[in-house]
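Please go through them with the coordinates open.

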Amino acid sequence: MLQTHSLLKAFQSNKFRGKQEQEHFHRTFTGRYQNLIKRNSFIYLGIPMIGSVVLGSLLLSNFTAIRFEQRDTKVKELDETEQLRIVNGKKRKVDLKEEYYRLQGMVEENEDWEPVRVPRMKGEGENVW
């Protein structure tokens with residue numbers, strides 16, 4: 001009980017003021033501000049909080065835009081090099097059916113080529129699935 005009472009006492013900021021001291025406190029900036037907060041706390045605490053969040057997001061969006069613009073320039077540079085490669089004629093046209101048949105061995109371009117099995121080392125097993 002003593003600990004709870006002492007904690008409450010430590011966090012209390014209400015000071016006892018006489019009548020004249022209280023009137024003088026209400027005339028100061030701090031006193032007027034406390035009265036305004038007591039009457040409508042959303043206007044003096046909520047709106048500045050929401051405003052700072054909105055303003056912060058607007059300011060940070062500029063930084064993220066710069067980051068994305070830098071990534072876009074890197075991608076554009078790669079596209080330009082690919083365009084140069086295409087203009088120089090280093091790219092050959094690819095037909096999917098022709099490539100499929102070539103890989104299957106149906107088109108005999110190189111008749112002297114033959115698949116040869118690599119001999120296994122001693123003790124190495126057959127990898128059968």
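1. In this predicted model, the side chains of Arg-120 and Glu-124 meet in a salt bridge, with an N to O distance of 3.9 Å. That distance falls inside the cut-off, because a salt bridge is taken as a Lys or Arg side-chain nitrogen within 4 Å of a carboxyl oxygen of Asp or Glu. A search of the whole structure finds 1 salt bridge.

2. Arg-120 has 38% relative accessibility and therefore counts as partly exposed, and Glu-124, at 42%, is likewise classed as partly exposed. The range in question runs between under 20% for buried and over 50% for exposed.

3. As to the overall fold, the protein has 5 helices and 0 strands, which read along the sequence as α-α-α-α-α. Of its 129 residues, 4% count as buried, and the accessible surface comes to about 13500 Å², with 59% of that area belonging to carbon and sulfur atoms.

4. Helix α4 covers residues 41-87 and includes Ile-47. An unreviewed UniProt entry lists residues 42-66 as "transmembrane region"; over this stretch the model is 100% helix and 0% strand, and the C-alpha atoms at its ends lie 35 Å apart.

5. Which residues make the nonpolar surface patch of about 570 Å²? The patch is formed by Phe-42, Ile-43, Ile-47, Ile-50, Val-54 and Leu-58.

Methods: Residues are numbered from 1 along each chain as its sequence is written. This is a predicted model: local features need pLDDT of at least 70, side-chain atom pairs count only at pLDDT 80 or more; totals for chains, interfaces and linings use all residues. Side-chain values use heavy atoms; hydrogens and water are left out. Patches are made of residues with over 30% relative accessible area and no salt bridge: like charges are joined within 9 Å, nonpolar side chains (Val, Leu, Ile, Met, Phe, Trp, Tyr) within 5 Å. Accessible areas come from the Shrake-Rupley method with a 1.4 Å probe; for residues, only the protein chains shown count as cover. Helices (H or I, at least four residues) and strands (E, at least two) are DSSP runs, numbered from the N terminus. UniProt positions are given in the numbering used here, feature names are shortened, and annotations may be inferred rather than shown by experiment. Buried means under 20% relative accessible area, exposed over 50%, partly exposed in between (1.4 Å probe, protein chains only).
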